[in-house]
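Hello,

I am handing over the structure below. My notes on it follow.

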Amino acid sequence: MKDASPRAIYLKDYQAPKYFIERTQLTFELFEDYTLVSSVLTMFRNEQQSGGELVLHGHELELLSVTLDGQALTAEQYVANAESLTIHELPDQFTLSIQTRIFPQKNTALEGLYKSSKMFCTQCEAEGFRRITYYLDRPDVMSVFETRIIADQQKYPVLLSNGNMTHSEKLPDGRHLTVWQDPHKKPCYLFALVAGDLQHIEDSFTTMSGTEVALRIYVEPQNIDKCEYAMDSLRRAMKWDEEVYGREYDLNIFNIVAVDDFNMGAMENKSLNIFNSSCVLANPKTATDAAYQRIEAIVAHEYFHNWSGNRVTCRDWFQLSLKEGFTVFRDACFSADMGSSTVKRIEDATMLRTVQFAEDAGPMAHAILPASFIEISNFYTVTIYEKGAEVVRMIHNLLGADLFRKGSDLYFSRHDGQAVTTNDFVVAMEDASGIDLRQFRNWYHQAGTPELTVSDEYDAQKQQYKITFTQSCPDTPESDNKEPFHIPLQIGLHLQDGSEAPLHCDNDVDFNAKTSVISLKKPQQSFVFSNVSTAVVPSLLRGLSAPVKLHYPYTREQLLFLMRHDTDGFNRWDAGQALATDIILELADCVLANKALTLDERLIGVFRETLKQSDLDKAMVVKMLTLPSIAFLMEQQSPAHVQALYAARHFVKKTLASELHCQFSDIYQENDITGAYKPNYDAMAQRSLKNLSLQYLLESDREQYLSLAVEQFEKANNMTDQSAALSAIVNSRHRDTAASVLQQFYQQWCHDPLVINQWFSIQAGSDYLQGVDACNELLSHEAFDMKNPNKVRSVIGVFAGQNLRHFHAVNGQGYSWLADRIIELDALNPQIASRLLGPLTKWKRLSVESGQLMKLALEKILAHGNLSKDVYEVVSKSLAN
Ligand code: TRP
Ligand code: ZN
C-alpha cells in the first residue's frame, strides 16, 4: 500500500483545533522545475483546548527551513517528515515561518499546485493545501491570506490569487511580482493561485447596494472567443442570488479561470473560481446545448458558494453536504427559473433515481452526514450533492418559500464568518419557522433509500377513500436499524372522469390541505378522504416530493389514465416512464425465456398521441418520448440482466421507430430551424426534439433517413446538430457511413480538445464500438492522454458507465480491462482512478455469473497492492459489504 494501512476517521472523534492561524502570508517563487513556498503564520492558542504540541499537515513536502518568532528551531523542538510537521512547545502567540520546495510539474494527482498545459494552477479542496506547505489543513481554521507570486514575466504575465491585487512590480532577471490580499477570513481549501499567459474578457456588475464588481474570465489565447456565455450566466446568477436570497457579492473583483486538467467540474475559491475548461468554454460551433446548460448551472453553483460555503463554511469534512447539498439546491432552482421547472425536475429526478438510489443500495452507501471515511475525496458523491439537495428541498417545501427565506437569512447572519455543521443549518430553519424538524433530522444520519408501499380502498357508500402507507428502509453498511423518516408526500386524487377530487381529510395534523402534502412519520399510517364521489386513481409523490421509492400496484390502464389526466406535469411524465419500464421489464423476461417479443400496442398509441400534441412544451415532449435508460432499468430488475434489458429496450425503440417513422419525420421537418444558433430555452427544446426524432428515424427499418442524417452532419451550423447527427449515425446499423463521418469529424476538429472529447465519448458510448479492443484503439489514439481527466472520462468513464451492453459483455472482458486501467491510473491520479470504480461496486446487483467476474476484477485490483487510499477504500468496502 502506498499509504500504509489506511485508517478510517470518525465524526464522533471531532475535536476543535488546538491552535488558530490569524494571518497567513505566502510567497510563491515559481520556477521551471520546482517551486519555493514560504509561509509566515501568525498563530495563537485556542483557549478552549488543552494546548500541547502543534501538528501541521503536509503531503509529500520537502522542508527547507522552519523558524519560530524569528529563531531557527533546534532539532529537539520539532519533528518533520513528508506528511507532518510537529512542534513540541509553543507560547500562546507566535509567528511560524516555514519554507518548502514542491514540484508542480510532476504533480499528476492535480491536487495542490500543479501545471495544466503551460499554466500553474491550484486545487486545494478538500485536502490539497497540505501539498503546498505545512498547515492546519482543516476548514475550521480560518485565516486572512496575503499571497506574493514571483514568476518569469514573459511565460507568466498573469499572476492571480484571492482577493485584491495590492501591488505589482518588475524584478531583475525578467521576473515579476504581484501581491494579493483577501480581506475575508477563509479556510485554506479556498486558497487559489494561477500563473500563465492568459487573456481575459471583462464585464461588470453593479450590486443591489450599488457596488461595482469587475468580472473577468481568463483563458488561454485560443479560447478567447468562448467566454461570453459563462459571463452572461455569471451576471444572471449574481442577480438571481440578490433577488431570491438577498445575497450580495462582497468584493470588487470576481475572476474565473479555465484550465484543461481538472479533477472535477469547478472550484469556488474565494473570488478566483477555477473551472474545468469543459464547464466554461462554449461557442455555437464547438459546444452542444447540453454544454451550454452545464456551463450555466456550474457557473451559478460556484458563484452561489460565495455565501453557501465561503462566508459560512463547514466545520469539518463530514459536513460537506452543508455547502454542497444547499448549493446544488440553489443552482437547481436557478436553472429551473432560467428554463422550465418541470423539465429541470425531471432531469434531476432521473439522475437521482438512476445514480443516487444505486449508490444508496450499494457497498459505498453513506448518509449525507457520513459517520466515517478513509479518504474524503471519495465522498464528493451524488449522495452528498444530490440527495443533500433533496433534503434541503424537502425543508423548503415543508416551510414554504417565505419561511425558508427567513431561515436562510437567519442562517447566513447568525453564522457569517463561521465554520458550522448541518445541524446549525437545521436549527436556523427551525428557529426562523417554529416548525419542528426533530424527526426530519433522520435524513441526515441515516443512509439508504426509504421505500413506501401503498394500498388503498374506496367505499362507495360512504364516499370515502382510504390510503395506507408503510415505510421501511433497507439495511446499509453503516446501520441495520433505521428510525422512520419524516416523508413529505404530495398527492392528488383523480376521479373517474379525470378531474381532481377536492381533498378533505380529517387528519389536519399530518395533512396540509393548502399544499396537498401528507407528512408521513410512522412506520404505517392511513389517511381517509371524504366526499370522494367515485373510485380514484391516486397521483402520488408529485414532483418527487421526497427521495423515496414508491410502490403502488398501478395497472397499465391506470398509468395511461394518469398520462392523460394528471395535472402535475412531473407525474404525467412519470406515469409514462412507469409504463415503459413495466413493458421493457416484461419483454426482458421474454428474452430470457427465449420467447417471441411483441410490443404492447398501447405504448405505440401513447407515443402517437404525444407526437400529435403540438401545444406541449417541446422539451417535455422529448422527456415523454425518451425511454428509461438501461442504467435505470438495471435498478428495477433483480438480479439485473444487462443483455436482456438491452435487447428488450432496443426492440421497443426499433418498433416505435418503424411504426411511427412518418410522424417522426414530420416532427423532424417542423423543427428543423434555420438561422443563427441561439442558446435559449425554446431553441434548445426545438433542437432536442428534432434530434430525438432523427435518432428514432435511424432506428426505423427504412433506409431513406440515413441521407437526412448525413446531410445534417455536413450542413449543421452548430455543434448540437452536428454531434447529434454523428451520434445517431454511429449508433445506427450503418457502420460504413459511421466510419467515414467519424473520420471527417476528426479532421474538422482535431485542433480543439473539447470537441475531440465529444468525439471520443460518442464512440466510447456507442454500439459502433464493440468491446475492449476498440476501446484500446481509442486509448492509443494520438489525441488521447491518460493524464487528462476529461479524456479519461470521455473514453474509460463513458465506456464503463454508459456503454452497458459492451461493458457488461458476458465474458467479463470489460471488467478486467477496467481493473487494469484503474491500476494504471491510480499511479497517476488517485481521485480519477477511484471515481472510475463506480461500475464495479455494483457486482451484487448482477446475475451470479457476471457478479463473480466483476468480483474477480475487484480482487485483481486489491491484489495489486501499492494502492492509494482512494482506490483502497472503494475496493475494500465493495468486497466487504
Ligand atoms: N467544491 C467543488 C464544487 O462542488 C468540488 C470540487 C472541485 C472538488 N474540485 C475538486 C472536490 C477536487 C474534490 C476534489 O463545486
Ligand atoms: Zn459545490
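Two points on conventions. This is a predicted model, where local features need pLDDT of at least 70, side-chain atom pairs count only at pLDDT 80 or more, and totals for chains, interfaces and linings use all residues. Residues are numbered from 1 along each chain, chains are lettered from A and ligands numbered from 1 as written, and side-chain values use heavy atoms, without hydrogens and water.

H301 counts as buried because its relative accessibility is 8%; buried means under 20% relative accessible area (1.4 Å probe, protein chains only). H305 is buried too, at 0%.

Now ligand 1. It is surrounded by 15 residues, counted when a heavy atom lies within 4 Å. The closest are E125, A266, E268, E302 and Y385.

Some N or O pairs stand out. An oxygen atom of ligand 1 is 2.8 Å from an N or O atom in the E302 side chain. For the H301 side chain, an oxygen atom of ligand 1 is at 3.4 Å. A nitrogen atom of ligand 1 is 3.4 Å from an N or O atom in the side chain of K323.

Best regards

Note on methods. Buried means under 20% relative accessible area, exposed over 50%, partly exposed in between (1.4 Å probe, protein chains only). A polar contact is a pair of N or O atoms within 3.5 Å; within protein, one must be able to donate a hydrogen and the other to accept it, and residues adjacent in sequence count only if both atoms are side-chain atoms.
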